Amino acid sequence: MDSVFLNLVNISITASYIAIAVIVFRILLKKAPKAYTCILWLLTALRLIIPVSDSTLLSFTSRFSLIPNTQILPSNLIDNASPQFNINVGIEQIDKRVNAFLDDRYYEGVKVPANNGSNLMNALGIIWIIVCAAIIIYAIGSYIYLRRKTNASLCVKENTFICDYISTPFILGIIKPKILLPSTLSEEESRYVLAHEKAHLKRLDHLWKPMGFILLAIHWFNPIMWISYILFCRDIELACDEYVIKNMNSNDKKAYSTALLNCSIPKKLISAYPLAFGEIGVKERIKAVIKYEKPAVITSIIAVILCIVTAICFLSNPQKVSLKETIINNLGEDIVHDIEYIEFDDGKVKSFTESETYIEYLLTALDEIKAGNTPVLNRDFNHGDKTITIIHPKEPQYYYDEDVHTYESIERAFYYEFKFNEECNRVWIDNDGFKNSMVYRVDNPEKVLALFEKIKNDPQIESDHYSKYVYSGNENELLLSTVTLYSNDETFNFDYSPFSSYLPRGKYKIQDNKLILQDDENIYTFEISENGLIFDAEDSTELPKYKYSSNKDAESPVPDGAFFELTNG
């Protein structure tokens, strides 16, 4: 039950994207034939049937898909052995709050039971079945009631019957539908009503409406589906009205509107049937009939194009690209075979390998990590909690030396970074220093977490614990100064300014509660505090000064007394 309901929720949320789009398109297609709006609703119904998994014959992927994710609730949420709570709605605040609620701890010291996700889905699944069954029973009961009420009816022509016990005309039945007319209708009114109900039969609305109701009963927990069903019922009535009146003159339209008004019935509960002549949106329909004008050809063409685009963009599942494929697409397949080394940074431990065999294994692991093809965020420059850096061999790069008027060559290694957030359900890309402005959804974040865990505990990979301190005194967060200390060999990196081509690297030591960084020529001193480091400019080599804007004097990137906070402790 838990897996069934989990998949159903994912299908329902996925279908909500196209439903919302159709609700918007109804406004844009106000002057187009209503038949095209009905086609859009049929596409919505089809999306409710298509599985969210890409492994079935009914589903297909496309690079044009506008659906951000089909697995909002991941399948491993109900894994009793090792549940993973990484919900991917696409809105960061919602994801974090829900994931925190479903995480492995309620609060410090109290763990959530291992089968928490499964129990929750089972309980919700039982409620879903009860309500779904009640809605279906209501529909069946309504049908039986109407059948009994109209048993005493007189057949006047083919499938048309007159009944004394009804007050409005409607169609009843699916396999052999009947048009039922109240005996109080005048001959003129009967003519208009019959034309309308026959249009319903010709358009197979007596099948589409019950099918829509069944889908509503299945997805009753989704309010968007209720709105969609109500609008769908209105649109099939408007489409039938258009079909009947398209060749009428103004007098016939007025008579048709009068018949519609006389046959109107009070509002009642949403039902699967009947297709009653005056059941839905009578006021709106009368206005549409009176104002009806034959649509322009260009309007119909636009509507057809919109239907095709909607089908392509919303019926297909989003295409997923592996991280290995991304590397190949950006660096070339030949480069992948000549990778120099791969570096992994989980925020506390940096690991790397130069082993060709292990690199091949890691590339296979990267091939299993899938990211969505559609970006979910723009311009997120956060460096992330975990990073995979692919380094490929140094290649000659030429530049023009103006002093000697010749071209000189330098060797330069190219790199490609995947930067993940803490939950590893988002990834953004840094390609050789040129940062991609888009953030992509990770389809299987548990694979990323497992990969980092394996690497951290694998003796075949060199790992180095490090501490990172950040000075955030500059208003521009791109100008952050950092000190990184590596415990294995007691080395450091001091990145005091991105404007500098010089990156101090060397050995560090701790003496009299002071941290002393020393490279070949310079010394940088910091006082050690409880949560970080305090820069001592007096006992340090003078740092170069830069102008950060035209309105300021040149200043040091790290002033005396600057506090560097420990960020990964």
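Let's start at Glu158, which is exposed because its relative accessible area is 68%, where exposed means over 50%, buried under 20% and partly exposed in between, using a 1.4 Å probe and protein chains only. Glu158 sits in the loop that links β4 (153-157) to β5 (160-163). Its phi is near 45°, a positive value in a residue that is not glycine. Most residues other than glycine have a negative phi.

A word on the ground rules. This is a predicted model, in which local features need pLDDT of at least 70 and side-chain atom pairs count only at pLDDT 80 or more, while totals for chains, interfaces and linings use all residues. Residues are numbered from 1 along each chain as its sequence is written, and side-chain values use heavy atoms, with hydrogens and water left out.

Stepping back, the chain has 14 helices and 24 strands; these are DSSP runs numbered from the N terminus, H or I with at least four residues for helices and E with at least two for strands. Of its 569 residues, 46% are buried. Take the contacts between residues at least 6 apart in sequence: 61% of them join residues at least 24 apart. Contact here means heavy atoms within 4.5 Å.

β4 and β5 belong to an open sheet of four strands, ordered β4-β5-β7-β6, with mixed pairing; two strands pair if DSSP finds at least two bridges between them. The edges are taken by β4 and β6 (170-172), each with a single partner strand, so one side of each has no neighbour in the sheet. On average, neighbouring strands of this sheet are turned by 35° against each other, ignoring direction. Inside the sheet, β5 runs parallel to β7 (residues 178-182), and four bridges join them. Here Cys163 stands opposite Pro182 in β7. Helix α5 (residues 187-202) packs on the sheet and touches β5, β6 and β7, with its direction at about 160° to that of β7. For angles like this one, axes are lines fitted to C-alpha atoms, for helices over the stretch in contact, and the angle runs from 0 to 180 degrees between N-to-C directions.

Further along comes the loop between α6 (205-218) and α7, where you'll find His219. Is His219 buried or exposed? His219 is buried, with a relative accessible area of 2%. Not counting residues up to four places away in sequence, His219 touches Leu8, Ile11, Ser12, Leu48 and Met225.

Now follow α7 itself. Two packed helices are described by the angle and the distance between their axes. The axes of α7 (residues 223-245) and α9 (residues 282-291) come within 10 Å and cross at roughly 30°. These two helices are therefore roughly parallel, a label for angles under 35 degrees, with over 145 being roughly antiparallel, 65 to 115 roughly perpendicular and the rest oblique. On the α7 side the contact is made by Arg234, Glu237, Leu238, Asp241 and Ile245, and on the α9 side by Glu284, Arg285, Ala288 and Val289. Those residues divide into four nonpolar, no polar and five charged. For this count, Ala, Val, Leu, Ile, Met, Phe, Trp, Tyr, Cys and Pro are nonpolar, Asp, Glu, Lys and Arg are charged, and the others, Gly among them, are polar.

Jump ahead to β18 (residues 481-486), the strand that holds Thr484. Thr484 counts as buried, at 9% relative accessibility. Its C-alpha atom is separated by 6.7 Å from that of Tyr466, 18 residues away along the chain. Leaving aside neighbours within four places in sequence, Thr484 is in contact with Tyr466, Ser467, Lys468, Thr491, Phe492 and Asn493.

The last stop is a run of hairpins. Strands β20 and β21 pair in the antiparallel sense over five bridges, and Lys507 has Gln518 in β21 as its bridge partner. This hairpin has two residues between the strands, and Asp512 takes a positive phi near 50°. Asn513, in the loop between β20 (505-511) and β21 (514-518), also has a positive phi, about 60°, although it is not a glycine. β21 then runs antiparallel to β22 (residues 523-528), with five bridges joining them. Leu517 has Tyr524 in β22 as its bridge partner, and four residues lie between the two strands of the β21 and β22 hairpin.
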